[in-house]
Structures are given as structure tokens and as C-alpha cells.
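Here are a few friendly notes to read alongside the model. Have the viewer open as you go.

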Amino acid sequence: MAQNYDVLVVGSGTAGQTAAYELSANGLKVGLVEHSDRPGGTCALSGCQAKKFFYEGTEVVARTRHMEGIGIVSATAASWPQLLNEKNTFTESVPHNTVSGLREKGIDFIEGRAIFMDPQAIAVNQRRLTARYIVLATGAVPTKLQIDGDELMITSREFMELKQLSPQIVFIGGGFISFEFAHFAARLGQTKTRCTILEAAPRPLGPFDSEMVDLLVAASAAEGIEVHCNVNITAITKTNRTFKVVTEDGVTFDADLVVNGAGRSPDIEHLDLDRAEIDSSRSGIRVDQGMATSNQRAYAIGDCAATVKLARDADAEAHVAVENILKAESGQSQDAIMDYSAVPSVLFTYPQYAMVGATETELKDKGVAFKKSFDKNLTWPTYKRVGMKSAAYKLLAGDDGEILGAHILSDNATGLANVFMLAMSNRITVEKLYRQSITTPYPSRESDIIYMLKPLID
């Protein structure tokens with residue numbers, strides 16, 4: 001006999017939990033299905049939260065290196081095992097806290113893999129569960145690469161479980177994972193780790209501004225991180241304890257460790273979406289602006305959806321889906337929608353690279369008129385004090401004075417990007433933001449914003 005729910009949520013990551021808690025708080029009977037033996041999701045266990053332990057160590061080491069000779073006598077050394085222990089201390093409690101937290105709020109935690117039986121029913125361990133609404137939040141898994149010897153690579157999760165760093169690491173793929181982890185490894189090893197990033201495309205970090213990416217690549221090179229593009233890998237081989245990454249043109253890269261940094265793919269293969277009449281692609285489950293799938297009783301949020309793949313955007317998508325479910329329950333129009341126009345993205349390299357809005361190339365391709373304020377290798381006192389030589393920025397504004405894109409290389413790119421995100425979300429013009437920023441606490445990274453904005457209003 002089937003067990004009935006108002007809503008079934010599939011996935012216990014940040015998106016799934018956000019949806020489940022909010023739906024339950026509004027009086028709906030909610031069940032949450034999770035197949036992993038470590039509930040809690042990628043972000044908390046092996047993604048954004050977990051990696052930040054290594055980033056914090058990276059930032060301290062990098063800053064003391066930059067300041068050596070200008071106030072710091074000797075750069076500090078990191079202990080990878082200590083950082084690993086701190087990370088594990090945080091993550092080891094996540095699964096238990098996830099399950100107990102859900103149950104305390106009256107949400108049924110259902111262990112097992114969900115497989116659709118029909119548009120409003122799933123099977124979990126051969127047990128039939130039905131619901132008026134289903135929210136899919138199954139996340140993503142490491143992308144499989146069609147390379148001979150791909151089994152010799154480790155994943156990002158396995159990288160963050162290493163007991164020690166190897167002297168020579170090759171990262172396959174030039175995206176978020178490779179750049180961040182290469183910056184960690186270059187600073188946190190017992191000896192200076194040599195890192196190489198191999199990218200198949202003409203340039204790495206495709207979604208980011210090409211000019212700013214070039215500056216990050218240069219800053220990476222200064223830390224011993226090599227980036228090679230247009231690389232077609234044909235095989236990975238192992239001899240004793242070392243590896244060789246072999247390319248189509250016969251070049252080989254030696255390594256003590258090879259990491260799959262090619263990104264992540266939606267974890268939807270086992271759901272049997274066709275039975276639920278849900279459309280999908282390689283990018284994920286297709287959704288409308290209200291997060292509804294082609295099956296209007298099913299929603300997809302977070303990394304399994306064909307949308308932006310960021311943790312806080314997953315939470316925002318959960319809120320939109322919940323709002324539309326609650327409106328449907330009360331007979332109202334489901335008009336809550338997601339807005340991705342001012343979504344910030346951050347690379348936790350050092351320097352950090354943060355962007356929000358459009359790149360210069362995107363605006364040119366669309367024929368959008370814009371003004372640009374740009375400078376690199378900034379010599380402002382802000383950065384001279386900490387020995388940073390690679391700081392840069394690019395601001396793009398429309399003819400109406402509204403900010404169209406902001407790109408920051410800095411040791412506080414996250415905070416600066418957030419200022420521009422709020423300005424874009426609230427349609428604050430360049431001139432108004434300039435006036436409002438004059439009284440920003442000084443001197444600070446944020447007080448430099450007026451120098452970035454001034455060329456756009458002269």
C-alpha cells in the first residue's frame with residue numbers, strides 16, 4: 001500500500017533541506033528521500049563549506065608570502081593534516097545533524113534511491129510513495145571523462161581527504177575545481193607543490209570575462225601554477241607510483257597525482273524521468289522561471305536543474321518552488337519566479353576572482369552599448385600594504401547608468417562583488433552608488449569602489 005504525502009523532496013543537500021523545512025513549516029506533510037549514506041549534500045560535506053577550510057589556510061600563507069620583506073620576516077607554513085582535521089571535525093557531524101534536524105521538524109527521512117513510477121509516485125526500496133507535488137534536489141556528481149585510464153584520477157571529494165599533498169599534481173579541466181584546488185595545493189604542501197591545469201578549450205573558465213581570466217592565469221603562474229589550453233588528453237597511465245597524462249600531440253605531463261577537475265554533472269540518471277514526463281538534457285532537468293518541470297506537479301532545484309549551479313542560488317530556487325507550491329495549494333496563480341540577472345560567482349583562488357552580471361564579450365555579442373572602467377596590477381595603498389600585485393577590476397555600465405557587469409580580482413573580491421550585486425538588484429545607478437560610497441569606512445577595500453566608479457561618470 002502506498003504512503004501518501006503532500007510533498008516529497010528528493011535530496012538532502014542545501015536546496016532539498018531548504019524546501020523541506022519551509023514546506024513543513026507551512027503545515028504540509030513532507031517526506032525527504034536520500035540515497036547517500038552521508039546525508040547533508042555536497043556543499044556541506046565536500047563542496048563550498050568543506051573547501052573553505054583549505055582556502056582560509058591558503059589565504060594566510062599567500063598573504064604572508066606577499067608581505068615577506070615588507071613587514072613579515074618569514075612567511076608562515078601550513079599543515080595540511082591540521083586543516084584536514086578541522087574540516088573533518090566540521091563534516092563528521094553533518095549527516096547526523098541533517099537527519100535529526102529534519103525529524104525534529106516532523107519531516108519523514110526516507111533512506112534509499114528514488115525512482116519514478118508515474119508522474120506523482122516514486123519507489124524507494126520497492127516501496128511506493130505518492131505526493132501531490134515532488135521537488136527534485138538530487139544535486140550533481142563528478143563529470144565522467146572519456147579518457148583511457150580515467151579510473152586513475154581522483155575526484156574533488158577524494159582530494160579533500162588526502163592525508164598529504166603530492167609534490168606534482170595535474171588537474172584535468174580548467175574550471176572552478178581545478179583553479180581553486182591548484183591554489184590550495186600551491187600554498188599548503190610541506191614543499192612547494194607544482195600544479196598543472198590542462199584545459200581542452202581555447203581558454204579556461206569559460207563563463208568568466210576573458211581579460212580578467214588572463215590576469216588570474218598570470219597571478220597563478222606567479223605561484224607556480226601552469227595552465228595549458230587546447231589540450232586533447234588521450235590517456236592516463238601509471239608506472240609504479242607516478243602517472244603520465246598523454247595528449248593527442250604526443251606531449252606528456254608527469255604527475256604524482258591526477259585530479260578530475262572537469263566539473264560536475266546533474267545526478268539524474270537513476271530517476272527514470274521519462275515515467276514522470278519530465279524533460280531533461282545534459283545540463284539538467286528543464287524548468288521554467290518558477291522552477292516547475294514539464295510535469296507541472298514536479299519541481300527541480302539546485303544542481304540537478306538546468307540552471308545556475310551555486311549553493312545560494314539553489315536555496316533561492318527552493319524558496320521560489322515552495323512559494324509556487326503553496327500558491328497552488330491555495331488556488332492562487334503560481335507567479336513566483338527566479339531572477340538570475342545579478343547572480344555573483346566567486347573563485348576562491350588567491351587572489352579571489354568574483355563576477356556579477358555580464359562579461360564584456362557578452363555585451364559586445366548582443367550589441368549592447370556600454371562604458372567600461374578597467375585597471376589592473378593596482379598600486380592603490382589597499383594592495384601595496386599587503387604586497388598584492390595582481391589586483392584588478394572591470395566595471396561595465398549601460399547608457400542609463402545602471403551597472404551591467406562587475407569583475408574583481410582582489411583579496412576581498414567576495415565583499416566587493418556583493419556591493420555591485422545589491423546595486424544591480426536595486427537598479428542603483430553608477431552616479432548614485434558613487435555618492436553613497438563616499439562615506440564608506442576608510443581606508444578599506446570597499447572604500448576603493450569610488451575609484452572604480454569615477455571613470456564611468458566623468
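Predicted model: local features only at pLDDT ≥ 70, side-chain atom pairs only at ≥ 80, totals over all residues.

1. Numbering starts from 1 along each chain as its sequence is written, and side-chain values use heavy atoms, with hydrogens and water left out.

2. The protein's secondary structure comprises 14 helices and 23 strands, both taken as DSSP runs numbered from the N terminus (helices: H or I, at least four residues; strands: E, at least two). Its C-alpha trace spans about 75 × 65 × 40 Å along the principal axes. Of the 458 residues, 53% count as buried, meaning under 20% relative accessible area with a 1.4 Å probe, protein chains only.

3. Now look at helix α3 (residues 48-66) and helix α4 (residues 80-91), which pack at about 150° with axes 9 Å apart. Axes are lines fitted to C-alpha atoms over the stretch in contact, and angles run from 0 to 180 degrees between N-to-C directions. The two helices are therefore roughly antiparallel, a label for angles over 145 degrees. Among the α3 residues making the contact are Phe 53 and Phe 54, and α4 contributes residues including Trp 80 and Phe 90; contact means heavy atoms within 4.5 Å.

4. Finally, is Asn 324 buried or exposed? Asn 324 sits in helix α9 (residues 311-329) and counts as buried because its relative accessibility is 2%. Leaving aside residues up to four places away in sequence, Asn 324 touches Gly 290, Tyr 299, Gln 334, Asp 335 and Ala 336.

Notes
Parallel < 35°, antiparallel > 145°, perpendicular 65-115°, else oblique. Buried < 20%, exposed > 50% of the residue type's maximum accessible area, 1.4 Å probe, protein only.
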